[in-house]
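This report walks through the contacts, sheet, salt bridges and nonpolar cores of the structure shown below.

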Amino acid sequence: MVIIENLTKRYGSLKAVDNLSFTAKPGTVTGFLGPNGAGKTTTLRMSTHLIRPDAGRATFDGTPYDKLVHPARHVGVALEPVVFHPGRTAINHLMAIAPYAGVGVERCHEVLGLVGLDDAAKKRVGKFSLGMRGRLNLAAAMLGDPQTLILDEPVNGLDPEGIRWIREFLRDLASQGRTILISSHLLSEVQQTVDDVVIIAHGRLVYQGSLGDLESSANSSIRVETPDPQALAALAVRQSWTVSEVTQVSVVIEGPQASDVGAAAFAAGIPLAGLTAQSTDLESIFLSLTEGQGGMR
């Protein structure tokens, strides 16, 4: 269990992270979302003591990162920017890190195979594609076989094939009971990967919950085509439905099912020419939360 408690970080008059609290559970992929500059990277760096918070703390199964014995065996971390020596081979890069994780060369070869780079073990990193560098970064994070994995923008810049691979890789890790926390500034990039979402804006929490709950919060509406829109709008008001738009040929009603609108109109003798269900997509919900900073917990 990753628990973030009241983390706060100021840079002069700027409060980059503002009393932020959330949790990431074992067996799940938690998406840590927010626009660029929202405070995601600062939060992740504070959680792993790369930045010291002004207040609050982060714990991993109750223990702060700097108090973990062999932290790489508990928490795998891949934060941007990633620096690779272009002249080193993939296996040499991992071998240079291995002593900090308390592992040997055999484990280095294991994690290269785990991320699909076993055939590139002796290839110089300077010739790696962006996707291959991302896989090598994941291999480094997995050296200690950690229970928790923290990744900052892992799909940034990847092609569709790379995104699909990392999605399957993270889902497999979560199925093993591991805790996966990944940041992104786009909900659409991680929508098919995450179980839970934590959304922040200007360093503050605006939503925490399951992806399913976020999807169910999408407002549904019905566009009803009718030759008598005024009569239909009046009917909607009597039914305590919300009317968001009235034109010369249609009415948009928020909330009810299309079948309920059709039945009420039939009973009132109002002719209908068409019923079209409309719903708000998740990216629009994400933007409304982060731009409007409306709080949902």
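## Arg171 and its surroundings

Leaving aside neighbours within four places in sequence, Arg171 is in contact with Val29, Thr193, Val194 and Asp195, where contact means heavy atoms within 4.5 Å. Arg171 belongs to helix α5, helices (H or I, at least four residues) and strands (E, at least two) being DSSP runs numbered from the N terminus. Between Arg171 and Asp195 there are 9.6 Å in space, C-alpha to C-alpha, and they are 24 residues apart in sequence. With a relative accessible area of 29%, Arg171 is partly exposed; buried means under 20% relative accessible area, exposed over 50%, and partly exposed in between (1.4 Å probe, protein chains only).

The model is predicted, so that local features need pLDDT of at least 70 and side-chain atom pairs count only at pLDDT 80 or more, while totals for chains, interfaces and linings use all residues. Residues are numbered from 1 along each chain as its sequence is written, and side-chain values use heavy atoms, with hydrogens and water left out.

## The three-stranded sheet

An open sheet of 3 strands runs in the order β2-β1-β4 with antiparallel pairing, two strands being paired if DSSP finds at least two bridges between them. Its edge strands, each pairing on one side only, are β2 (14-24) and β4 (55-60). Direction ignored, neighbouring strands of this sheet are turned by 20° against each other on average; axes are lines fitted to C-alpha atoms, for helices over the stretch in contact, and angles run from 0 to 180 degrees between N-to-C directions.

Strand β1 (residues 2-11) pairs with β4 over 5 bridges in the antiparallel sense, and Ile4 has Ala58 in β4 as its bridge partner. Helix α1 (residues 40-47) packs on the sheet, where it touches β1, β2 and β4, and its direction makes about 115° with that of β1. The antiparallel pairing of β1 and β2 extends over 7 bridges, with Leu20 in β2 as the bridge partner of Leu7. These two strands, β1 and β2, form a hairpin with 2 residues between them, and Gly12 in the turn has a positive phi of about 65°.

## Salt bridges

The count comes to 10 salt bridges, each defined as a side-chain nitrogen of Lys or Arg within 4 Å of a carboxyl oxygen of Asp or Glu. In one of them Arg57 is joined to Glu5, the closest N and O atoms being 3.0 Å apart; this pair links distant parts of the chain, with Arg57 in strand β4 and Glu5 in strand β1, 52 residues apart. Arg57 is partly exposed at 42% relative accessibility, and Glu5 is partly exposed at 29%.

Arg204 and Asp18 also meet in a salt bridge (3.7 Å, N to O). Because Arg204 lies in strand β9 (residues 204-210) and Asp18 in strand β2, the pair ties together parts that are 186 residues apart in sequence. Within helix α3 (residues 105-114), Arg107 and Glu110 are 3 residues apart, about one turn of the helix, and their side chains form a salt bridge (3.1 Å, N to O). Arg107 is buried at 18% relative accessible area, whereas Glu110 is partly exposed at 41%. A network of salt bridges links Arg107, Glu110, Asp145 and Arg178.

## Nonpolar cores

The largest nonpolar core has 53 residues, of which Leu94, Leu136, Leu149, Leu170 and Leu214 touch the most other members; such a core is a set of buried Ala, Val, Leu, Ile, Met, Phe, Trp, Tyr and Cys residues joined through side-chain atoms within 4.5 Å. Helix α5 (residues 160-175) contributes the largest share of this core, 7 residues. Apart from it lies another core, of 23 residues, including Val17, Leu20, Val75 and Ile150.
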